[in-house]
Amino acid sequence: MIIGEGKPIQEILAMIADKKKILVVGCKGCVTVCSAGGQKEVEILSSTIRLAREKEDNPIEIREETLERQCDPEYLEQMRSYIDDYEAVVSLACGAGVQFTAEKYRRIPVYPGINTNFIGVTVEQGVWSERCQACGSCILHKTGGICPIARCSKSLLNGPCGGSSKGKCEIDPDVECGWQLIYDRLRELESLELFEEVVPIKDWSTGRDGGPRRIIREDLKS
Amino acid sequence: MKTLSKLEKILESGKFAVTSECGPPRGVNPDVIRKKAELLRDAVDAINVTDNQTSVVRMSSIASCIILKQMGLEPIMQMVTRDRNRIAIQSDILGAAAHGINNMLCLSGDHQRFGDHQKAKNVYDLDSVQLIQTVRHMRDEGKFLSGEPLDGVPGMFIGAAENPFADPFEIRVPRVSKKISAGVEFIQTQCVYNLEKFEQWMDGIRARGLHKKVYILAGVTPFKSVGMARYMKTKVPGMDVPDELIERLKSVAKEKQADEGIALCIETIERLKKIEGVSGIHIMAIEWEEKVREIAEKSGLLPRPKV
Ligand code: SF4
């Protein structure tokens, strides 16, 4: 899923400094699961804003909503009936949700309430970690199911650099070396011969480098 | 002979090679690198010029190599894939070749986390193995990566680095083999302090006959002090400094530690010279270039052959 985390409150307060009536909108998708932008976070953020503004003697009116998803037009439509009553939206969805909301409702500004960080997993309660960089051309079958693009700090495709030490990456003893993980896994799978193949120069054009991406499925189009 | 490289000539003729390195200055003054390089004249066969090592911005490797070339010295242009995509890489290779640079060392480069511009975006369009492939392709096929022909070919003798002391140890021989498949012709290793481990790695190299396919130059770096040895041990990732060496430096008076460091380096070279499959020594005297000649001399590596 997409992992995000709340922006510092000061940053959000600065965005809405001149607003008196705002909507804080969460999303029940990924950001709910990673506790960054679900209903609970909408409530917490809204009360924090209210308190801060009351302290400044500059109260603000906030409506709290949490949509099923902000990346689907169908759910975004639900705001149509009331959005015009507000001066701004603070969206706690991922960057995609914030943008899609802004795209659908052009009259008022839509501000990001969280930072969108990565595509990752819940390692344990309260710990998330990156797994995928959406390069658009998956090679996990060659690397023991561990992505060197996302998990090696240099996205090396042909094996560990000279800085890998005791399983850790050279950049930080708290970061696992992606290539150590790949090596261990290939050994477990008795597939170390996969390592010996030179991985050819990658075509990055399926990734962000090819420009903004889109997928069109004729079979599904209405 | 595939190139006009003096280093290639020496290695091909079966002579033991000696290389060293120069870090370019953090400024515009060419005299800094001239002075360092002059100290190495006739003490070594070729001089590596680092490419923004440890991600600290310096004068470019390519420009510094040109300065060395103008002095009649033999540069080895280090190139990291951290800062350039395949367009810039190929362009720099052409430029270097046009200036008569005949050696190149293909590296991934230290992560920018180590340097003075930690907020930078890194590139890593290619990794070091793919950089080897790229130069090899340009040189031997006379083509760009796109498949388009190029006018003339860059006559680069192609090198890479390997660190026998990094983890996982078991992958360090296969990785050399991979670099050979990609087309590498010489390898310079990380500084050797743990000779036992290095010998173990060389056993692996010989077991696969890789020493017959690539020239291996063993790296050494003299310690200036026990402080430096401790720093290398604890702060430089992938560096293996045995405790005995630190103890040995500690056992001599502070003002004698530099001499002891040099003595240790010379002993290491003596042992490395005897290892089958080691074709040369790469002396990395970090900001201590004035000691390279003495080290080479006392290790019986001088005079250097005239080719
Ligand atoms: S230490 Fe491992 S994860 Fe870190 S850059 Fe090197 S190979 Fe990649």
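Which residues of helix α8 (residues 226–235) of chain B are buried? In this predicted model, the buried residues of the helix are V226(B), M228(B), A229(B) and M232(B), where buried means under 20% relative accessible area, exposed over 50% and partly exposed in between (1.4 Å probe, protein chains only). Because they cover an arc of only 165 degrees around the axis, they fall on the same side of α8(B); the arc is that of the directions from the helix axis to the C-beta atoms. An α-helix has 3.6 residues a turn, so residues three or four places apart point the same way. The face turned away from the buried side of α8(B) carries the exposed residues Y231(B), T234(B) and K235(B). Cover for the buried residues of α8(B) includes β6 (186–191), α9 (243–250) and α10 (257–273) of chain B. Helices (H or I, at least four residues) and strands (E, at least two) are DSSP runs, numbered from the N terminus.

The C-alpha atoms of F223(B) and L264(B) are 8.3 Å apart, although 41 residues separate them along the chain.

In chain A, attention turns to Q70(A), in the loop between β3 (61–67) and α4 (73–76). Q70(A) has 0% relative accessibility and therefore counts as buried. Its side chain makes polar contacts with the side chains of S91(A), at 2.8 Å, and T101(A), at 3.0 Å. A polar contact is a pair of N or O atoms within 3.5 Å; within protein, one must be able to donate a hydrogen and the other to accept it, and residues adjacent in sequence count only if both atoms are side-chain atoms. Beyond neighbours within four places in sequence, Q70(A) is in contact (heavy atoms within 4.5 Å) with residues including V25(A), C27(A), L92(A) and F100(A).

Backbone geometry in chain B also deserves a look. Cis peptide bonds join D167(B) to P168(B), with omega about -15 degrees, and L302(B) to P303(B), with omega about -5 degrees. P168(B) belongs to the loop between β5 (157–162) and α6 (172–182), whereas P303(B) is in the segment after α11 (292–298). Y124(B), a residue other than glycine, has a positive phi near 45 degrees and is buried, with a relative accessible area of 3%.

Residues are numbered from 1 along each chain as its sequence is written, and chains are lettered from A and ligands numbered from 1 in the order in which they are written. Local features need pLDDT of at least 70 and side-chain atom pairs count only at pLDDT 80 or more, while totals for chains, interfaces and linings use all residues; side-chain values use heavy atoms, leaving out hydrogens and water.
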